[in-house]
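Reader: I am new to protein structures, and I would like to learn how to read one. Could you walk me through it?

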Amino acid sequence: MAKPSVPNPAPACVPCRLAVIGAAVLVLAGGFAYTAGWLTPARLTAPRIVNTFESVAGQPHPGYRRNHAKGLCIEGYFDSNGEGAALSNAEVFAAGRTPVTGRFAVPGGNPSAPDTSSPVRSLALLFQLQNGEQWRTGMNSTPVFAVHTPEQFYQQLSAAKPDPATGKPDPVKLKAFYAANPETQPFQAWVKAHPPSSSLANAAYYSINAFRFTDAAGNTRAVRWAMVPETPYAPITDAEKAEKNFLAADLDQRLQNGPLRWHLILTVAKPGDPTDDATLQWPDNRQHIDAGTLVIDHTTSQANGTCRDVNFDPTILPAGIAPSDDPLLAARSAAYALSYKRRTREEALHPAIHQTQTNGDHS
Ligand code: HEM
């Protein structure tokens, strides 16, 4: 039997095909241009934020983080006591030990700035879970952040750009920013009432941003956390204020006498507590759970230590912990990724950076 004839498809029109390919390339290029912010110069993008960090730092510091540039790497572990499992089914909260690598730092883009250049210290951690997941966190030594939105953060940074005449931020611009943004008041009041600690070891470090914890039964609650030191707080001394690099020296000295410990305190929100506003603390009477002990036993230089090539993006989380609706989290993630991309590219192009890094290094 003769086969039914199948109609021949119309011969493809070559100019049409080229037009389709051209359109696809244009759409892709448009997508890249949009993402980079070239089509919408007023839109707040990671490049605009990171470029502004670079302007505030004054001069380029290739190979360094664009913020919290001065720091050192640390190693240790987290001993979970199992109590955190009441809030999250993340493996890190089951009783047992999780290796941790991390970094202490001082905010600002200049790796050679004096330790007193900011009243804030920071602690970033990467928990390496047995099941292959990671929990990364970047915490500051204040329980609240100065601003509520990424746009305000950008305005604050822009106001801190050095005045070409003095090489320093213009106090008038900074004052005008704070006056126009009363949300900054809780942060300013906290800093005024809490002199910086005398050591990296006796400061508490806070997640500031809220996160969502989900337990084994599927219940989800908003949680913030803090690493609270066993070493009692003491304020910075006058002698320390005169020392440019006292924090790293002090830490190494303390570690010679044994490991340093912090307790991971989880704070549970009540319905109605704000989860999208890092300028507001939750009331003190919220439930707190001590989930275990962070033990730091040694430091390494940030030029050669494990933390050098880690992006402490706070949205890299294990199952059982998820970001909240705080708008700072997505902005942090995008800015940290770009800072990471720039600094690791500089390291790759100029390996000698690792030699010079030790000069401005904390350790
Ligand atoms: C929109 C708000 C924020 C922006 C744009 C921002 C930006 C940045 C950038 C670009 C870096 C360098 C990252 C790298 O190269 O690895 C950084 C580091 C850091 N930031 Fe933020 N940040 C913001 C808010 C916060 C908040 C709320 C906290 C505290 C909870 C925080 C804590 C840290 C810490 C601890 C580091 C140092 C991480 C390390 O030691 O590697 N940041 N930030």
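Author: Here is a short tour of cores, rings, a pocket and a helix. Please keep in mind that this is a predicted model.

Reader: Let's begin inside. How many residues does the largest nonpolar core have, and which have the most contacts inside it?

Author: A nonpolar core is a set of buried residues such as Leu, Phe or Trp, joined through their side-chain atoms. Here the largest one has 43 residues, and those with the most contacts inside it are Phe93, Trp135, Met227 and Leu266. Apart from that core lies another, of 16 residues, including Ala146, Leu157, Ala159 and Phe177.

Reader: Which residues does Trp135 touch, if I leave out those up to four places away in sequence?

Author: Among them are Val92, Phe93, Leu125, Trp225, Leu264, Ile316, Pro318 and Ile321. Take Pro318 as a case to follow: Pro318 and Trp135 are 183 residues apart in sequence, yet their C-alpha atoms are 5.6 Å apart in space.

Reader: Where is the place of Pro318, and is Pro318 buried or exposed?

Author: Pro318 is in the loop between β9 (287-300) and β10 (321-323). Pro318 counts as buried because its relative accessibility is 1%, and buried means under 20%. Besides Trp135, Pro318 touches Ala90, Leu129, Glu133 and Gln134, again leaving out residues up to four places away in sequence.

Reader: Now the rings. How should I describe a pair of them?

Author: A pair of aromatic rings is described by the distance of the centres and the angle of the planes. A search of the whole structure finds 13 aromatic pairs. One of them joins Phe145 and Phe153: the centres are 5.6 Å apart and the planes are at 20°, so this pair is stacked. Phe153 is buried at 17% relative accessibility, while Phe145, with 21%, is partly exposed.

Reader: What is the arrangement of the pair that Phe177 and Tyr178 form?

Author: That pair is edge-to-face, with 5.3 Å from centre to centre and 75° between the planes. Phe177 is buried at 7% relative accessibility, whereas Tyr178 is partly exposed with 25%. Rings can also gather in a group: Phe78, Phe93, Phe127, Trp135, Phe211, Phe213 and Trp225 form one aromatic cluster.

Reader: Which residue lies over the face of Tyr77?

Author: Arg97 does, at 3.8 Å from the ring centre. In another case, the charged end of Arg224 sits over the ring of Trp282, 4.4 Å from the centre of that ring.

Reader: And how do I find empty space?

Author: Rolling a probe the size of a water molecule over the atoms shows where empty space is left. The second largest pocket holds about 360 Å³ of space. Its lining has 16 residues, of which Pro143, Tyr206, Thr267, Gln281 and His288 lie nearest its centre. The elements giving two or more residues to that lining are β7 (220-229) and β8 (260-268), and β7 gives the most, with 4 residues.

Reader: Last, a helix. Which residues of α7 are buried?

Author: An α-helix has 3.6 residues a turn, so residues three or four places apart point the same way. In α7 (residues 246-256), the buried ones are Phe246, Leu247, Ala248, Asp250, Leu251 and Leu255.

Reader: What covers the buried residues of α7, and which residue with a positive phi follows the helix?

Author: The cover includes β1 (70-80), β2 (96-106), α6 (238-241), β8 and β9. After α7 comes Gly258, whose phi is positive, near 130°.

Note on methods: Residues are numbered from 1 along each chain as its sequence is written. This is a predicted model: local features need pLDDT of at least 70, side-chain atom pairs count only at pLDDT 80 or more; totals for chains, interfaces and linings use all residues. Side-chain values use heavy atoms; hydrogens and water are left out. A nonpolar core is a set of buried Ala, Val, Leu, Ile, Met, Phe, Trp, Tyr and Cys residues joined through side-chain atoms within 4.5 Å. Buried means under 20% relative accessible area, exposed over 50%, partly exposed in between (1.4 Å probe, protein chains only). Contact means heavy atoms within 4.5 Å. Rings of Phe, Tyr and Trp (its six-membered ring) pair if their centres lie within 6.5 Å; planes under 30 degrees apart count as stacked, over 60 as edge-to-face and the rest as tilted. A charge sits over a ring if NZ of Lys or CZ of Arg is within 6 Å of the ring centre and within 35 degrees of the ring normal. On a 1 Å grid over the protein atoms alone, a cavity is a set of points where a 1.4 Å probe fits but cannot get out, and a pocket is an open set with protein on both sides within 12 Å along at least five of seven lines; lining residues have an atom within 4 Å of a point. Grid points are joined across faces, edges and corners, and a volume is the space filled by probe spheres set on the points.
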